[in-house]
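The sequence and the model are shown below.

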Amino acid sequence: MADVDVFISNYTIVDPEIYQLWIEGFSSSEAVSYLKQKGFGHSMGAPSDLIASDVLDHYRTYSLIELYLNAPTKLMEQSCFQLEPHMRDLITEKYYSIDDVVAREILGKKLSSRYRKDLDEVAEKTCVKLKSVRRQFDNVKRIFKAVEEMPGTLTNNIKQHFFISTDLAKKYACIVFLACLRFETTKKKLQYLSFSDLLTCSHAIMIYWTYTYQHTGPEYYDTEMDKEFLLDLRELRCLLDKEKEIKHLVCMRLKPVLLERAFHELDGNFRSYWRALITIACNLHRNRELRDLFVDLCEKLIDPWRQNGWNREQVNKFLASITQSVLDLEISRDQETRCLWDRYMQVITICLDKMYHI
């Protein structure tokens, strides 16, 4: 007769530590070895075979619950597993957790079955177990399909349909947004950017440059760029004729706070920086130019600043000064240009601040 281990309980027991190991892609035997190294069960004198049996039982339970986690609304409605509300929230949040390094690798890639077959390369590069990488990829694909054409804001839609926290929903919103608009994030010169950098940049764009800017309601999408605004940005070309006035105001502001060498460098290269900012703005109505926003910021501004030895403080002082100088110049002339410039620079300033790594 074979020995059979039987566990009987009322409420489903979820051990947070064992569940975390399951989430991270540990096999049951790897989980047992890990727990033994940590002294799990040592204080109670539990034998190894009992620990292994307990871990296996937990793993079987989590595999069954996973069927409902693929559609969290079903987890709320099912009666097979009696879970306390706080525990139900915990397992959902953990199941949809995503590692920043994995998210960075997924950005810019097609969420296809073909790419899923190559996830072993992502696992090797990120040092995250393949099973965990696959879970994260499948979750991204599932959420993308669910919300890409849903009216309203991505973060709220993801929170409401997948019952996860705001911070986690924001991560998925970033991935969905960049995928929907097909922003270029995979080029070699952008590889230094972390997922956190791109998360901040994408949310700035969603807030200031989509139709949800100063609008609320289900008819407004933050996956749809405000086309009228992007077209109107062409009007900023008129600021090229005011280069001397802008330069004068910027230099007046920065001369007292910059070292002499830095000030002379700015004075000599102001035109190229100024024209880069205006050129990028005037071309954003073209889909290709919009998709290449991060590349253009890198090539036209960040690379020259690095070559000229700018530090991050200098970048932020320059951006604050040039933004305010245009606003001061235009305040009594053209209110429309002033509003366009302010809305444009809100995003550019945030992006350049996050993207400028020395």
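The axes of helix 15 (residues 260-283) and helix 17 (residues 293-307) cross at roughly 175° and come within 10 Å. Because angles over 145 degrees count as roughly antiparallel, helix 15 is roughly antiparallel to helix 17. The model in which this arrangement is seen is a predicted one. On the side of helix 15, the contact is made by Tyr273, Ala276, Leu277, Thr279 and Ile280. Helix 17 contributes Leu293, Asp296, Leu297, Lys300, Leu301, Pro304 and Trp305. Sorted by class, the residues where helix 15 meets helix 17 are nine nonpolar, one polar and two charged.

Two packed helices are described by the angle between their axes and by the distance between those axes. Helix 9 (residues 130-147) and helix 10 (residues 154-162) have axes that come within 10 Å and cross at roughly 110°. Since 65 to 115 degrees counts as roughly perpendicular, this angle makes helix 9 roughly perpendicular to helix 10. Their crossing is right-handed. In helix 9, the residues that meet helix 10 are Arg142, Ile143, Ala146 and Val147; in helix 10, their counterparts are Leu154, Asn157, Ile158 and Phe162. The contact of helix 9 with helix 10 has six nonpolar residues, one polar residue and one charged residue.

The crossing of helix 1 and helix 2 is right-handed. Glu17, Ile18 and Leu21 of helix 1 make the contact with Ala31, Tyr34 and Leu35 of helix 2. Five of the residues in this contact are nonpolar and one is charged, while none is polar.

The largest pocket holds about 400 Å³ of space. Its lining consists of 17 residues, and those nearest the centre of the pocket are Gly108, Leu178, Ala179, Arg182 and Phe183. Helix 11 (166-181) and helix 16 (287-291) are the elements that give two or more residues to this lining. Helix 11 supplies the largest share, three residues. By class, the lining of the largest pocket comprises seven nonpolar, three polar and seven charged residues.

Note on methods. Residues are numbered from 1 along each chain as its sequence is written. This is a predicted model: local features need pLDDT of at least 70, side-chain atom pairs count only at pLDDT 80 or more; totals for chains, interfaces and linings use all residues. Side-chain values use heavy atoms; hydrogens and water are left out. Axes are lines fitted to C-alpha atoms, for helices over the stretch in contact, and angles run from 0 to 180 degrees between N-to-C directions. Helices (H or I, at least four residues) and strands (E, at least two) are DSSP runs, numbered from the N terminus. Angles under 35 degrees count as roughly parallel, over 145 as roughly antiparallel, 65 to 115 as roughly perpendicular and the rest as oblique. A crossing is left-handed if the near helix is turned anticlockwise from the far one by less than a right angle, and right-handed if clockwise. Contact means heavy atoms within 4.5 Å. Ala, Val, Leu, Ile, Met, Phe, Trp, Tyr, Cys and Pro count as nonpolar, Asp, Glu, Lys and Arg as charged, and the others, Gly among them, as polar. On a 1 Å grid over the protein atoms alone, a cavity is a set of points where a 1.4 Å probe fits but cannot get out, and a pocket is an open set with protein on both sides within 12 Å along at least five of seven lines; lining residues have an atom within 4 Å of a point. Grid points are joined across faces, edges and corners, and a volume is the space filled by probe spheres set on the points.
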